[in-house]
Amino acid sequence: MTETILYLLTKVLITGATIVAASVAAERSGPLIGGIIIALPVSAGPGYVFLARQASDAFIARSALYSFGIAAVTAVFLAVYVRLAPFLGAVASVLLSLAVWSLLAALLQRVELFWWSALLLNIASFSLCLRLTRDRASATLPTARPMSLRDLIFRALLAGTLVALVVTVSQVIGPRLTGSTITFPVTLTTLGLIMHWRYGGAVAARALRGALVAMPCFSACALALHLLAEPLGAPQALVAALGVSLAASAMFLAGDRLWTRHRAAERDRRLLSTQGGAR
């Protein structure tokens with residue numbers, strides 16, 4: 001019993017510390033970099049590492065498939081929050097967004113997913129959600145304020161406890177529910193709540209819109225884990241999936257910088273053209 005409790009506490013501490021570090025870094029970055037940090041598997045990653053110690057490769061692969069599918073549901077959660085946050089309070093915005101997430105996640109449990117159907121679901125969901133929230137895009141956030149110890153403890157306990165409990169009862173709830181609940185948007189929820197309280201709904205909406213833009217990087221990670229868990233084994237597949245996530249994030253960042261430079265060059269050309277015409 002003592003060993004079980006110590007192991008559970010270890011899960012809570014490691015997962016909580018990982019999530020706190022990532023969320024603090026995200027809050028201190030702009031929407032783009034912050035979104036990339038939050039889109040990394042900061043909560044699901046530790047959960048799958050612990051899960052790999054007690055579950056079969058087939059179980060990991062099946063769970064990752066539903067984590068991949070749930071990423072499409074999390075996109076809807078983010079879109080709902082981004083639309084509501086400027087007009088509602090922090091708790092109301094989060095609760096309504098989570099209600100939508102819970103309903104869609106429950107419906108997904110009744111669907112037999114395949115990698116290609118989950119991929120189509122992700123493409124459709126992210127395309128729609130990004131379009132519906134494009135007016136909330138922003139390149140800047142206000143200067144980060146000092147973080148209170150209460151905020152850090154709140155994030156660590158909430159996120160760490162949830163992931164640890166899901167991993168502990170995974171064999172009871174099965175791979176579908178494990179894959180779905182291990183990717184519950186706990187990091188996004190705590191980030192949204194705290195930023196909403198500290199900076200207001202409009203700023204929180206811009207921050208979580210950045211997470212929505214970068215979220216496909218996590219989808220790529222979950223898909224890689226699903227496809228590689230059985231051929232390579234869970235430990236090697238986890239390393240490969242993390243590599244896919246980092247590579248996707250790097251490509252996303254490079255693409256954004258190229259697009260920003262292109263837009264700046266177009267703006268300069270138009271300005272020169274306007275000045276030349278005025279002469």
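Colleague: Why is Phe-114 called partly exposed?

Modeller: In this predicted model, Phe-114 has a relative accessible area of 42%.

Colleague: What makes Phe-114 and Trp-116 a stacked pair?

Modeller: The ring centres of Phe-114 and Trp-116 are 5.8 Å apart, and their planes stand at 5°. Ring centres must lie within 6.5 Å to pair, and planes under 30 degrees apart count as stacked. Both conditions hold, so the pair is stacked. The structure holds one aromatic pair. Trp-116 is partly exposed as well, with a relative accessible area of 48%.

Colleague: Which residues form the nonpolar patch on the surface?

Modeller: The patch consists of Phe-114, Trp-115, Trp-116, Leu-119, Leu-120, Ile-123 and Leu-227, with about 700 Å² of accessible area together. Five residues, the largest share, come from helix α6 (residues 115-132).

Colleague: How do you know that the buried residues of α6 are on the same side?

Modeller: The buried residues of α6 are Ser-117, Ala-118, Asn-122, Ser-125, Phe-126 and Cys-129. They cover an arc of only 155° around the axis, which puts them on the same side of α6. The face turned away from this buried side carries the exposed residues Leu-120 and Arg-131. In general, an α-helix has 3.6 residues a turn, so residues three or four places apart point the same way.

Colleague: How do you know that the length of α6 agrees with expectation?

Modeller: The 18 residues of α6 should span 26 Å at 1.5 Å a residue, and the end C-alpha atoms are 26 Å apart, which agrees.

Colleague: What is the corresponding result for helix α5?

Modeller: Helix α5 (residues 90-108) has 19 residues and reaches 27 Å from its first C-alpha to its last, close to the 27 Å expected. Its buried residues are Ala-90, Ser-93, Val-94, Ser-97, Leu-98, Trp-101, Ala-105 and Leu-108. Seen down the axis of α5, these fall within an arc of 115°, so they line one face of the helix. Leu-95 and Leu-103 are exposed on the other side of α5.

Colleague: Is Ala-99 buried, partly exposed or exposed?

Modeller: Ala-99 lies in helix α5 and has 44% relative accessibility. Exposed would require over 50% and buried under 20%, so Ala-99 counts as partly exposed.

Colleague: Why is the contact of Arg-62 and Glu-112 called a salt bridge?

Modeller: The side chains of Arg-62 and Glu-112 meet at 2.5 Å, N to O. The cut-off for such a nitrogen and a carboxyl oxygen is 4 Å, so the pair qualifies as a salt bridge. A search of the whole structure finds one salt bridge. Arg-62 lies in helix α4 (residues 57-84) and Glu-112 in the loop between α5 and α6, so the pair ties together parts that are 50 residues apart in sequence.

Colleague: Which accessibility class applies to Arg-62 and to Glu-112?

Modeller: Arg-62 counts as partly exposed at 23% relative accessibility, and Glu-112 is partly exposed with a relative accessible area of 41%.

Colleague: What makes helix α3 mostly covered?

Modeller: In helix α3 (residues 44-52), seven of the nine residues are buried. These are Ala-44, Gly-45, Pro-46, Gly-47, Tyr-48, Phe-50 and Leu-51.

Colleague: What is the accessibility class of Leu-242?

Modeller: Leu-242, placed in helix α12 (residues 234-278), counts as partly exposed at 41% relative accessibility. Leu-242 and Leu-225 are 17 residues apart in sequence and 8.7 Å apart in space, C-alpha to C-alpha.

Colleague: How many helices and strands are there in the protein chain?

Modeller: The protein chain has 12 helices and zero strands. Of its 279 residues, 47% count as buried.

Notes: Residues numbered from 1 in each chain as written. Predicted model: local features only at pLDDT ≥ 70, side-chain atom pairs only at ≥ 80, totals over all residues. Heavy atoms only, no water. Patch = residues over 30% accessible without salt bridge, like charges linked within 9 Å, V, L, I, M, F, W, Y side chains within 5 Å. Areas by Shrake-Rupley, 256 points an atom, 1.4 Å probe, with all protein chains shown as cover. Helix = DSSP H or I, 4+ residues; strand = E, 2+ residues; numbered from the N terminus. Expected span 1.5 Å × (residues − 1). Buried < 20%, exposed > 50% of the residue type's maximum accessible area, 1.4 Å probe, protein only. Arc of directions from axis to C-beta. Phe/Tyr/Trp six-rings, centres within 6.5 Å; stacked < 30°, edge-to-face > 60°.
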